[in-house]
Amino acid sequence: MAETRRKWWQDAVIYQIYPRSFYDSNGDGIGDLQGIIKKLDYLKELGIGAIWLSPVYRSPQDDNGYDISDYQDIDPIFGNLADMDELIAEAKKRDIRIVMDLVLNHTSDEHPWFIEAKKGKDNPYHGFYVWREGKEGVLPNDLKSAFCGPAWEWVPELGEYYLHQFSVKQPDLNWENPKVREKIYEMIRWWMEKGVGGFRLDVIDLIGKETDRMVMAEGKMLHPYIQEMSRETFQKGDLVTVGEAWSATPASAMLYSNPDGSELSMVFQFEHMLLDQEPGKQKWDLRSLPFVEFKKVLFKWQSSLYQKGWNSLFFSNHDLPRSVSHFGNDGQYRVESAKMLATILHGLQGTPYVYQGEELGMTNVQFGIEDYRDIEILNMYKERMEQGYAEESIMESIYAKGRDNARTPMQWDDGNNAGFTQGSPWFRLNPNYTEINAKQALADPDSVFYYYQKLIRLRKEESVLTDGKTVPIMEADEKVFAYIRESEEADLLVLGNFTEETAAYQAPDAFRGQETLISNYADEGEFGLLRPFEAKMVIVWKR
Ligand code: TEU
Ligand code: CA
C-alpha cells in the first residue's frame with residue numbers, strides 16, 4: 001500500500017496445519033504437537049512465514065476440536081502446554097509464527113461455562129449462552145444447524161432451548177453479555193503473552209447474531225464487537241488476524257480489513273468457492289464451475305480491496321475439497337494443474353494460504369460411507385437417506401465436496417501409513433501415497449513442492465506481487481485465467497490454462513520475449529499459446 005508501511009503478513013505465505021492429520025510422534029494414530037515440531041524443518045524449507053494451527057485446545061472432539069472445552073489448555077491427544085511453548089519457540093527459531101485458531105462463536109457443551117449455565121436460570125453463567133423459553137417440540141424459530149436438523153436443543157430441567165448453529169455439542173455463546181466478551185479478551189491476551197503470531201477467527205461473522213430476527217451473519221453489533229475485541233487485544237501486538245466470514249462481501253471486507261487496523265488483517269471470503277453449487281441450495285447440490293464467473297468474482301475482490309483492505313488467497317482448507325481435484329485435474333495433469341492453480345492464486349494480491357498437502361498436490365478420496373469420520377458428512381448422509389435421495393448421488397456429493405477429502409493423513413513417504421504414524425491411523429489414508437508423498441517431492445527438482453517454494457520466494461523478491469494493482473485481461477475467455485499486476489517497479493503477466501486442451505491467449509506485445517519468472521513447463525513454448533494446464537509469470541521491469 002502506498003502510504004502505510006508493509007506489514008510482515010503482506011509478503012508472507014501462511015501454511016495451515018490440521019494437527020490430527022499432520023504427523024503422529026507417539027504412535028497413537030493421531031497427529032500431535034511434537035509431530036509438528038519434528039516437521040518444522042520441512043516447513044522452513046518450503047519457506048512459509050506462519051503456521052495456522054487448527055484447534056488443539058482441550059475438546060471432546062465432536063467436531064475435531066472446533067468444540068472447545070478449555071481455551072487455555074491443550075487436548076491430551078495433541079500434547080500439553082509445555083509442548084505448545086516448545087512449538088512456539090522452535091518455530092520462532094526458524095522465523096515461523098504460530099497462528100492459533102480461535103473459536104469464539106461457540107464452545108463445547110462440556111466447557112465449564114456451559115455445565116454451569118445448565119444448572120439454573122439464575123446461575124451466573126446462564127447468560128453466557130443463547131436460551132429461549134418454550135415447550136418441548138415447539139421450537140423458538142426455524143433456525144437450522146449447519147450440520148443438519150434444527151439449531152435448537154431442548155433442556156427439560158430448565159424448560160428452555162439453547163441455540164447451536166453447529167452440532168448439539170457446540171452451544172452458541174451470547175456475545176451480548178459483556179462478561180462473555182471480557183472473559184474472551186482475557187483469554188486472547190493470555191495467548192498473546194505466550195508469543196503467538198496471530199489468530200484465525202472461526203465463523204467470526206456469526207458473533208453479532210440477532211437471534212429473534214433470525215439474522216445470524218452480519219448482525220448490527222458484529223463490527224462494533226470486532227472493533228472492541230481488536231482494541232482490547234490484537235492491537236496490543238504485531239499480529240496477523242484473519243476472520244472466517246462466509247457472508248463477507250467486498251463492502252463488509254473493507255470494514256473487517258480496514259488498513260487503519262481497527263478490526264482484523266483480513267478475512268476469508270468464500271464467494272469463489274460457492275460457485276459450483278446450485279444457487280440458494282446446499283454445498284452438496286452440485287453444478288459445474290462457471291469459469292468466467294469464477295474469474296469475475298476473484299477480480300472483483302482484487303479491485304474492491306486494492307488499497308482499501310487486504311485479501312486472503314486460498315483454494316483449499318480443512319473444510320474444502322483438495323484444490324487439484326476441485327479446480328484442476330487429479331489424473332494425467334495432476335502435477336501441471338497443481339502448479340497452475342498455485343501460479344494463479346499466488347499471483348494475486350493478498351496473503352496466500354497453503355493447506356497441508358497442497359504443496360504435494362494431494363487429491364480427494366472416494367471411500368465407503370463407513371470409512372468417513374466428519375460429523376457434517378455423516379449427518380448429511382443420514383438426513384438425505386431419510387429424505388429418499390439416491391445413495392449414489394449422496395456419495396457423489398461427498399466425493400466432490402466432503403470435508404474429509406482434506407483430512408486424510410499427510411503423505412510423508414511411501415512406507416507404512418505413508419510415514420504418518422507407527423500405529424494405526426485415526427482415519428484412512430489416500431491410497432495414492434505410494435506415489436504422492438513428501439519424500440518423493442523432495443527428491444524431484446520438478447515437484448509441486450519446489451514450485452511452491454519458488455512462488456513463496458518470488459513473493460519476497462518481487463514487490464509487484466505484494467503491491468501491484470491487478471488488471472484483468474481476457475475476462476470472457478472460457479479456458480484461460482489471465483491478468484497483469486502493475487506497479488511502479490514492474491508489470492507482471494500471469495497466465496493459467498484451466499483446461500487439458502491447448503489455449504490461445506492475447507497479451508500486450510511488451511511481454512513478448514521478456515523474462516519468465518516461473519513456469520510449469522520445461523521449455524518456453526510459443527508466445528500466445530498455452531499447453532494443457534500451462535501457467536507462467538512473465539515480467540517487464542520499468543526501472
Ligand atoms: O466452519 C464454518 C462453516 O460454516 C463450515 O462448517 C461450513 O458449514 C462447512 O464446512 C462447509 O459447508 C468453521 C470451521 O472451519 C469448521 O471446521 C467447523 O466445523 C465450524 O466452523 C464450526 O466451528
Ligand atoms: Ca499422537
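**Reading pockets and a buried glutamine**

Mentor: The largest pocket lies between domain 1 (4–103 + 178–277 + 303–451) and domain 2 (112–163), because both give residues to its lining. Keep in mind that this is a predicted model.

Trainee: Which residues lie nearest the centre of the largest pocket?

Mentor: Look for Ala146, Phe166, Trp246, Lys283 and Glu376. They belong to a lining of 43 residues. By class, that lining has 19 nonpolar, eleven polar and 13 charged residues. Helix α11 (residues 375–386) gives the largest share, three residues.

Trainee: What lines the second largest pocket?

Mentor: That lining has 22 residues, with Lys7, Trp9, Leu239, Gly261 and Ser265 nearest the centre. The classes are seven nonpolar, eleven polar and four charged. About 370 Å³ of space lies in this second largest pocket.

Trainee: Now a single residue. Is Gln165 buried or exposed?

Mentor: Buried means under 20% relative accessible area. Gln165 has 9% relative accessibility, so Gln165 counts as buried. Find Gln165 in the loop between β8 (160–163) and α5 (178–193).

Trainee: Which residues is Gln165 in contact with, leaving aside neighbours within four places in sequence?

Mentor: Among them are Asn105, Lys144, Ala146, Leu206 and Met216. Asn105 is 60 residues apart from Gln165 along the chain, yet their C-alpha atoms are separated by 9.0 Å. Asp172 is another contact. The side chains of Gln165 and Asp172 make a polar contact at 2.8 Å.

Note on methods:
Residues numbered from 1 in each chain as written. Chains lettered and ligands numbered in written order. Predicted model: local features only at pLDDT ≥ 70, side-chain atom pairs only at ≥ 80, totals over all residues. Heavy atoms only, no water. 1 Å grid on protein atoms, 1.4 Å probe; cavity = no way out; pocket = protein on both sides within 12 Å on 5 of 7 lines; lining within 4 Å. Helix = DSSP H or I, 4+ residues; strand = E, 2+ residues; numbered from the N terminus. Nonpolar A, V, L, I, M, F, W, Y, C, P; charged D, E, K, R; others polar. Domains from an automatic or database assignment. Points joined across faces, edges and corners; volume = space filled by probe spheres on them. Buried < 20%, exposed > 50% of the residue type's maximum accessible area, 1.4 Å probe, protein only. Contact = heavy atoms within 4.5 Å. Polar contact = N/O pair within 3.5 Å; in protein donor to acceptor, adjacent residues only side chain to side chain.
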